[in-house]
Amino acid sequence: MKVIRAAQAGQGGAVNVACINKATVDLGVPFDKLTAALQKCYDQYFLPVWGYPLRLYNTKTAKRSDWQFVYFDNADAAGALGYHDLTKDGQPVSKIFVKTTLAANELVSVTACHELFEMAIDPIANLWAEAADGTEYAYEMCDAVEEDTFVVDGIKMSNFLHPAWFEPFKHPPKTKFDHLGLLKKPFSMTKGGYVIVKQNGKVKEVFASKAKEKRFAKESRLGHRSEHRKPTSKGLLIPKGKKVRTASGSRLAA
């Protein structure tokens, strides 16, 4: 069986993403309808901009060759694996914690869309874009605009960044930096956004507002992508003894 690794996404056709619902609470939208809306959103709006085809399908058991997109009740259900890791076969996996999302008065559909977009472009959370002043910004597709949404088939989806947002130079008039056209320059945020930056080797979050910083502090950050980027983190769980393809090439896990 051919296994498509992270850095091969989009190079050999669409990558299959197994969607698995292990949550015991209502997602807010029927599982089948949510997956269909995510696929439509991805194909109509995200794919034309970023160019990495994904094919979502609902199942109870994922194939070894496929990426995974799993809904859990909360972070504790996922244990030490956390929010965004690699499977035992070295494939990217995103985890959506339904109870945690609902407790924060957020929509599961928006959280799911957010994670889908970010997994597609930076599956193992190791890409950075350097600004003119040397500050590096994480390749997170939705964080800077994460509280802004649009609707697909009656279901809210997350706003997302365009490639121009990561480019540290002046752009022509009418350049889009995000899907909804709210931002006017690279590395900027809307009021409900935040960014992960690295300066002199130190990783931190920068918030668009004090209100956002307060809301962020109340969230459970167990295993979140932002935590994986910090020097003190153990990083993603790469299977031992397996060759894993990353954005920088292949390497053998220790």
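How many residues lie between strand 8 and strand 9 in their hairpin? There are 2, and Asp 153 in that turn has a positive phi of about 50°. Strands here are DSSP runs of E with at least two residues, helices are runs of H or I with at least four, and both are numbered from the N terminus.

Before going on, the basis. This is a predicted model, where local features need pLDDT of at least 70, side-chain atom pairs count only at pLDDT 80 or more, and totals for chains, interfaces and linings use all residues. Residues are numbered from 1 along each chain as its sequence is written, and side-chain values use heavy atoms, with hydrogens and water left out.

Phe 150 stands opposite Met 157 of strand 9. On strand 8, Phe 150 and Val 152 make up the covered face, while Thr 149 and Val 151 are on the uncovered one.

Asp 153 also forms a salt bridge with Lys 40, with the closest N and O atoms 2.8 Å apart. The criterion is a side-chain nitrogen of Lys or Arg within 4 Å of a carboxyl oxygen of Asp or Glu. Lys 40 is in helix 1 and Asp 153 in the loop between strands 8 and 9, so this pair ties together parts 113 residues apart in sequence. Both are partly exposed: Lys 40 has a relative accessible area of 30%, and Asp 153 has 47%. The cut-offs are under 20% for buried, over 50% for exposed and partly exposed in between, with a 1.4 Å probe and protein chains only.

The structure holds 5 salt bridges. Another one joins Lys 212 to Glu 147 at 3.1 Å between the closest N and O atoms. Lys 212 is buried, at 1% relative accessibility, whereas Glu 147 is partly exposed at 33%.

Asp 73 is a contrasting case. Asp 73 is buried but has no salt bridge, and Lys 99, the nearest side chain of opposite charge, is 4.1 Å away. For charge, Lys and Arg count as positive, Asp and Glu as negative, and His and the chain ends are not counted.

Terms used: Pairing = 2+ DSSP bridges.
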